[in-house]
Amino acid sequence: MASSAKRRAIETGLNPQDSDESSDEGLEDSGDEDNEDSEEINEEVIVDFEAHTISDNDFHGIKTLLQQVSYRDIHQAEVPEDSDDEGDPDEVFGVISMVNLTERQGVECLEKLKDMLIEQCAKSSSPDVQERFEQLLLGNGHSVGLLLSERFVNVPPQIALPMHKQLQKEMAEAQRTNKPSGKCQFCLMISKTCKPVKKSRSGPAQPKEELLFVNDEEEFFYEQATLKFSYCVQDEADSCATGKWSYDDVPMKPFRTVMVIPTDKMGAVMDKMTEYLTV
């Protein structure tokens with residue numbers, strides 16, 4: 001499921017018929033830097049999101065969203081110089097889907113993804129976690145689905161609730177009709193996370209670093225995960241994928257957190273998410 005948006009702006013304190021006059025005045029006063037700095041723009045933007053089934057037209061929008069979590073093998077496409085600043089009215093702002101990895105063995109892009117995750121797990125976690133994670137991804141004992149849930153960073157988290165609810169409905173229907181996504185016993189999820197940059201100092205043992213989720217609701221999946229590990233992406237992804245994050249003026253280091261959640265725990269996840277995101 002993909003989400004596009006329609007936007008309408010409401011400017012308070014400005015009459016439509018005054019817009020031309022206001023523009024002229026702005027040009028005349030453009031040299032007054034003090035006035036420019038002190039002028040406050042009072043604008044309310046209302047966005048209506050529309051959900052629809054993923055189609056071929058969403059390819060580039062979904063690719064852009066997946067670049068936020070991705071990896072060395074994905075590069076940003078060049079943006080034409082004459083592109084419209086306002087963007088495509090049908091631009092994809094969020095996407096959610098489930099891909100059955102177990103039934104799609106041999107698909108090149110998915111095999112590369114699994115190899116990369118196993119490599120990162122070996123670098124970032126204990127031998128026990130490595131063994132269990134490798135058996136889960138490469139074995140045939142359990143069916144594992146890749147849960148893709150992405151949205152632009154500035155899109156409010158409330159969009160996540162209806163997206164996840166709809167996905168759970170579709171998965172229940174897929175289970176009833178014996179489709180691949182309905183057979184998943186575990187969900188594999190990759191989340192954008194960050195940790196405070198360490199400051200080198202001597203003394204007693206420092207407290208454990210706090211893991212912060214870029215998409216707040218994904219912490220509920222983390223709580224129910226039976227396997228999890230995090231790896232740093234600061235040196236592996238460009239600034240468009242990782243960004244330069246700070247929290248309360250504290251610099252943050254970007255990570256990716258991999259989680260494996262049993263599908264029978266999704267009810268508990270949805271209950272927490274509903275409680276957190278219901279306005």
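1. Let's start with what counts as an aromatic pair: two rings of Phe, Tyr or Trp (its six-membered ring) whose centres lie within 6.5 Å. By this rule, the count here comes to four aromatic pairs. Keep in mind that you are looking at a predicted model.

2. Take phenylalanine 133 and phenylalanine 229. Their ring centres are 5.2 Å apart, with 85 degrees between the planes, and the pair is edge-to-face. Phenylalanine 133 sits in helix α5 (residues 127-138) and phenylalanine 229 in strand β7 (residues 227-232), so this pair ties together parts that are 96 residues apart in sequence.

3. Now look at phenylalanine 213 and tyrosine 222. The ring centres are 5.5 Å apart and the planes are at 65 degrees; because an angle over 60 counts as edge-to-face, that is what this pair is called. Phenylalanine 213 is buried, with 9% relative accessibility, whereas tyrosine 222 is partly exposed at 26%.

4. Back to phenylalanine 133 for a moment: Phe133, Phe229 and Tyr231 make up one aromatic cluster.

5. Which lysine has its charged end over the ring of tyrosine 222? Lysine 228 does, 4.2 Å from the ring centre.

6. Glutamate 217 is buried, with a relative accessible area of 0%. Setting aside neighbours within four places in sequence, glutamate 217 is in contact with Arg151, Pro157, Ala160, Met273 and Leu277.

7. In soluble globular proteins, nonpolar side chains tend to be buried together. The largest nonpolar core in this model has 26 residues, and the members touching the most others are Met98, Leu147, Phe221, Met259, Ile261 and Met273. Two or more residues of this core come from each of β3 (92-100), α6 (160-176), β5 (186-196), α7, β9 (250-262) and α9 (266-277). Another core, of 23 residues, lies apart from that one, and its members include Val99, Leu110, Ile190 and Phe229.

8. Finally, zoom in on isoleucine 261. Again leaving aside neighbours within four places in sequence, isoleucine 261 has contacts that include Phe186, Met189, Phe221 and Met266. Gln185 and Gln224 are also among the residues in contact with isoleucine 261.

Note on methods. Residues numbered from 1 in each chain as written. Predicted model: local features only at pLDDT ≥ 70, side-chain atom pairs only at ≥ 80, totals over all residues. Heavy atoms only, no water. Phe/Tyr/Trp six-rings, centres within 6.5 Å; stacked < 30°, edge-to-face > 60°. Helix = DSSP H or I, 4+ residues; strand = E, 2+ residues; numbered from the N terminus. Buried < 20%, exposed > 50% of the residue type's maximum accessible area, 1.4 Å probe, protein only. Lys NZ or Arg CZ within 6 Å of the ring centre and 35° of its normal. Contact = heavy atoms within 4.5 Å. Core = buried A, V, L, I, M, F, W, Y, C linked by side-chain atoms within 4.5 Å.
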